[in-house]
Amino acid sequence: NKDEDDEDLSDSEDSIYSGLEDSGSDSEEDEEEGSDDDGGDVDDNAEDQSLEDIRNTVGNIPMEWYKDFPHIGYDLDGKKIYKPIRNKDELDEFLDKMENPDYWRTVHDKMTASDIVLSDEQVDLVNRLQRGQFGDVNFNEYEPTVEFFSKDVMIHPVTNRPAHKRSFIPSLTEKEKVSKLVHAIKMGWIKPRRVEDDSKGRYYDLWASEDSSISAKHKMHLPAPKIPLPGHEESYNPPPEYLFTEEEQSLWDQQDPIDRKLTFIPKKFDSLRQVPAFSRFIHERFERCLDLYLCPRQRKMRVNVNAEDLIPKLPKPKDLQPFPTTQSLVYRGHSGLVRSISVSPSGQWLASGSDDGSVRLWEVCTSRCMKTIQVGGSVKSIAWNPNSSVCLLAVAVNSEVLILSPALADRQVVSSSERLLAAPQEEGPSEESDTAVWSEAEGEELNQGIRLKIQHPKPVHQVTWHAKGNYLASVMPDHSSHLQVFVHQVSRRRSQNPFRKSKGLVQCVSFHPIRPYFFVATQRSVRIYNLVKQEMTKKLQANSKWISSIAIHSGGDHVICGSYDCRLSWFDLDLSTKPYKMLRHHKKAVRSVAYHKGYPLFASASDDGSVIVCHGTVYNDLLQNPLIVPVKVLRGHAITHNLGVLDVTFHPTQPWVFSSGADATIRLFT
């Protein structure tokens with residue numbers, strides 16, 4: 001209390017000042033000791049200062065109230081806390097600033113009227129707070145968030161605390177309030193809200209009860225649809241943004257009347273008098289009458305279906321790993337479109353053929369070009385022999401099929417390859433043998449690795465090997481001739497045309513991986529021929545306009561077809577001749593499709609510059625359908641001349657996929 005303070009000051013003035021002098025002398029001695037020890041131990045000072053902070057018990061009050069008193073507050077025992085004997089003036093402040101090394105970290109405490117030297121930890125705390133960081137050094141603001149509430153339906157609740165008793169017992173306080181309000185309304189102290197009479201400004205719908213008699217008779221009756229209200233564009237003086245520009249006018253003229261957003265052209269008039277009669281008035285009224293009496297109106301019974309039930313229950317992609325996700329390597333070196341790629345059976349080498357007239361052999365793991373072979377024309381197709389005991393490569397160039405021995409294997413494999421190619425040619429020609437002429441390479445071609453050349457009557461678009469590596473099929477699409485497919489036997493150097501009649505424009509062919517079946521894809525269908533019985537066993541209807549490529553599952557019972565109308569068809573040969581599933585994931589033409597030999601994966605490449613990898617699990621149980629889940633869209637190729645990815649193939653052992661594009665690059669996704 002201020003009055004008590006005044007009495008104490010008047011009663012014992014001498015004793016107070018003597019006490020101040022003693023404390024002042026003590027503080028001066030402390031300062032001298034501190035200056036001798038170069039600041040002393042900072043931690044001890046901090047502890048003493050923290051004790052001092054606790055000592056003053058005046059509370060959160062303005063300290064100016066004590067400016068006229070010699071003391072600054074009271075300690076826990078109720079004794080006075082005296083001020084220092086003198087305050088520093090500006091000169092002392094300046095000298096302290098120049099001489100005291102800890103001046104920059106000294107803070108004046110108004111509660112105890114003393115100077116506190118901040119410790120290193122306290123200085124760091126101030127700096128962090130000034131930078132907008134958290135006070136605690138160990139606090140990590142970027143910790144991964146724990147998603148307690150996610151889109152996935154959880155089995156167990158986040159909290160299973162039982163409901164509070166008050167949540168299901170009527171509130172007594174609310175009951176009391178309601179009873180008071182009811183009593184006040186009864187006594188007339190609270191007037192209910194007055195209902196305003198809106199009869200003056202009320203609008204009536206003349207046609208509201210128009211069909212009341214009809215609707216009473218017919219439960220399924222629906223009233224006629226109303227004409228949409230006119231908008232700004234139908235105004236005689238519409239805003240300028242509603243008027244057509246020349247481009248919009250020409251576009252409107254070119255469109256069919258059904259496709260037009262507006263049935264008229266908005267026009268601008270200066271005044272309502274200048275607006276002419278509507279030329280289509282009678283026509284529009286007549287159409288409205290037709291709408292009213294020709295439009296069948298029936299009330300549809302809505303079926304309440306849960307939206308989640310319509311979505312197929314597919315597994316998560318992370319549960320279906322491994323599959324390729326990232327681009328690892330880019331193989332650069334070609335200067336034209338890379339139309340075809342093929343991987344060796346060992347998975348160590350990659351062959352590519354391009355429009356620049358070269359065949360390049362790459363090492364898969366390092367993207368190093370091991371060999372470049374100039375073949376003198378654009379390479380349409382390239383295929384590595386799937387038999388691991390030989391190392392041969394078939395290349396389709398113009399109207400020739402070249403058999404190359406790249407010598408990228410050990411001596412035993414290379415020698416067995418040479419023995420296979422060195423077999424003598426049979427002299428007894430069949431009817432079609434004149435159409436494909438075998439010859440050996442000479443000179444520079446032989447040095448490059450070209451061993452055999454098979455001359456065809458027309459340009460060859462595709463080559464493919466049989467799984468055992470002795471037979472080779474080539475495709476020459478031509479409507480006018482039955483000479484579209486040739487099957488070549490390398491060991492005997494013999495060629496034959498298996499078909500006497502043309503069954504349509506052949507797009508591509510493929511051998512069955514384990515059975516003696518031959519797949520021939522024409523524009524609209526895929527025919528399966530039994531090579532032993534020499535008859536057609538099945539015809540698959542692709543339901544697409546133009547098939548581009550086919551691939552056969554390693555089990556042999558499933559086929560996928562890509563088409564130029566952006567579709568991918570999956571056929572289950574045991575199930576039906578029609579597609580089991582149609583995938584329309586691509587925006588442009590599908591150029592190539594491929595199955596993986598070991599993993600349940602298949603991929604499709606398209607002109608939209610993407611490769612879509614799907615997971616396709618095939619079950620031995622005939623009653624269980626294949627599980628098809630798209631797992632990844634791989635991008636990286638640039639679209640060049642409206643062409644994107646031209647070919648796709650999988651690594652024989654790893655879950656990797658190779659793609660070649662019109663941007664003259666080959667990319668490996670792992």
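Modeller: Happy to! Let me begin with a term: a contact means heavy atoms within 4.5 Å. Among contacts in the chain between residues at least 6 apart in sequence, 48% join residues at least 24 apart. Please keep in mind that this is a predicted model, where local features need pLDDT of at least 70 and side-chain atom pairs count only at pLDDT 80 or more, while totals for chains, interfaces and linings use all residues. Residues are numbered from 1 along each chain as its sequence is written, and side-chain values use heavy atoms, with hydrogens and water left out.

The chain has twelve helices and 33 strands; these are DSSP runs numbered from the N terminus, helices being H or I of at least four residues and strands E of at least two.

Four strands make up an open sheet, ordered 23-24-25-26, with antiparallel pairing; two strands pair if DSSP finds at least two bridges between them. At the edges are strand 23 (547-552) and strand 26 (581-583), each pairing on one side only. On average, neighbouring strands here are turned by 20 degrees against each other, direction ignored. For that angle, axes are lines fitted to C-alpha atoms (for helices, over the stretch in contact), and angles run from 0 to 180 degrees between N-to-C directions.

Strand 25 (residues 568-572) is joined to strand 26 by three bridges, and the two run antiparallel. Within this pair, Ser 569 sits opposite Met 582 of strand 26. In general, strands of a sheet pair through backbone hydrogen bonds.

For comparison, look at another antiparallel pair: five bridges link strand 10 to strand 11 (residues 393-397). Ala 383 has Ala 394 in strand 11 as its bridge partner. Strand 10 (residues 379-384) is mostly covered, with five of its six residues buried. Buried means under 20% relative accessible area, exposed over 50% and partly exposed in between, using a 1.4 Å probe and protein chains only. Over the chain's 670 residues, 35% count as buried.

A search of the whole structure finds zero disulfides, a disulfide being a pair of cysteine sulfur atoms within 2.5 Å. Cys 508 is in none, and its nearest cysteine sulfur, that of Cys 561, is 7.5 Å away. Cys 508 is buried, at a relative accessible area of 6%, whereas Cys 365 is exposed at 61%.
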